[in-house]
Amino acid sequence: AQANPIQAITITEDSHWLIAASSETKIQLWDLADFKPDKEPIELTINDCPIYMLDASPNNHWLVIICSNDSVMVWDLSTRDPTIPPVTLQRKEVSAEGGLFDPGIAILPGDREQLVSISADSHWLAMASNNLAYLWDLNSPGLSAEAAILDGYKFPVTALTFSPDNK
């Protein structure tokens, strides 16, 4: 049972996993293909990362974790092993002196689900953070590629999405 209020919840597109996170650092995964009400969920603990939102990739491979401390993590759902930690995605620190402004994730009431988008082919992950958008290649080896910064916006980015055909 979840002791803290649920902060984020998602179901994979294949309806295999129900994933819920508290605002603390715990994520619980229920295997809906083998669901039994008395079966304990898989628990994944994320240290120093109060969870803000979750999203599962369309290919059911990746769980994207956004933390309130501005970290972006990706966990391989196929491992089913909570001892394997998620990968923290890399991005450049951007300062106001560099002409860009990025003090953290822009939180707008009602728009939380629009701050992260995964392409339909699960190749790309995009995240808005104030007047910047970041783009990661989920196919890069070890998820080691640093995010591309998409800038030039005068106002905060409040929504982002990919086209259904990935173009």
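Predicted model: local features only at pLDDT ≥ 70, side-chain atom pairs only at ≥ 80, totals over all residues.
Residues are numbered from 1 along each chain as its sequence is written, and side-chain values use heavy atoms, with hydrogens and water left out.

The side chains of S119 and D121 are joined by a polar contact of 2.6 Å; such a contact is a pair of N or O atoms within 3.5 Å, in which, within protein, one must be able to donate a hydrogen and the other to accept it, and residues adjacent in sequence count only if both atoms are side-chain atoms. When neighbours within four places in sequence are set aside, S119 is in contact (heavy atoms within 4.5 Å) with P58, W124, F162 and N166.

I118 stands opposite L125 of strand 10. Five residues separate the two strands of this hairpin, and S122 takes a positive phi near 60° there. Strand 10 is largely enclosed by the rest of the structure, because five of its six residues are buried. Strand 10 also pairs with strand 11 (residues 132-137), in the antiparallel sense and over six bridges, and W124 has D137 as its bridge partner in strand 11. The hairpin of strand 10 and strand 11 has two residues between the strands, and N130 takes a positive phi near 55° in it.

Over the whole chain, the secondary structure comprises zero helices and 12 strands. Of the 167 residues, 43% are buried. Among contacts with a separation of 6 or more, 47% are between residues 24 or more positions apart. The accessible surface, calculated by the Shrake-Rupley method with a 1.4 Å probe, comes to about 8,900 Å², and carbon and sulfur atoms contribute 53% of it.

An open sheet of four strands, with antiparallel pairing, has the order 5-6-7-8. Strand 5 (51-56) and strand 8 (87-88) stand at its edges with a single partner strand each, so one side of each lacks a neighbour in the sheet. Within this sheet, five bridges connect strand 6 (residues 62-67) with strand 7 (residues 72-76) in the antiparallel sense; V72 in strand 7 is the bridge partner of I66.

The largest nonpolar core has 24 residues, of which I66, V74, L125 and W136 touch the most other members; a nonpolar core is a set of buried Ala, Val, Leu, Ile, Met, Phe, Trp, Tyr and Cys residues joined through side-chain atoms within 4.5 Å. Two or more residues of this core come from each of strand 5, strand 6, strand 7, strand 9, strand 10 and strand 11. A second, separate core of 17 residues includes A21, L29, L63 and L77.

Notes
Buried < 20%, exposed > 50% of the residue type's maximum accessible area, 1.4 Å probe, protein only. Pairing = 2+ DSSP bridges.
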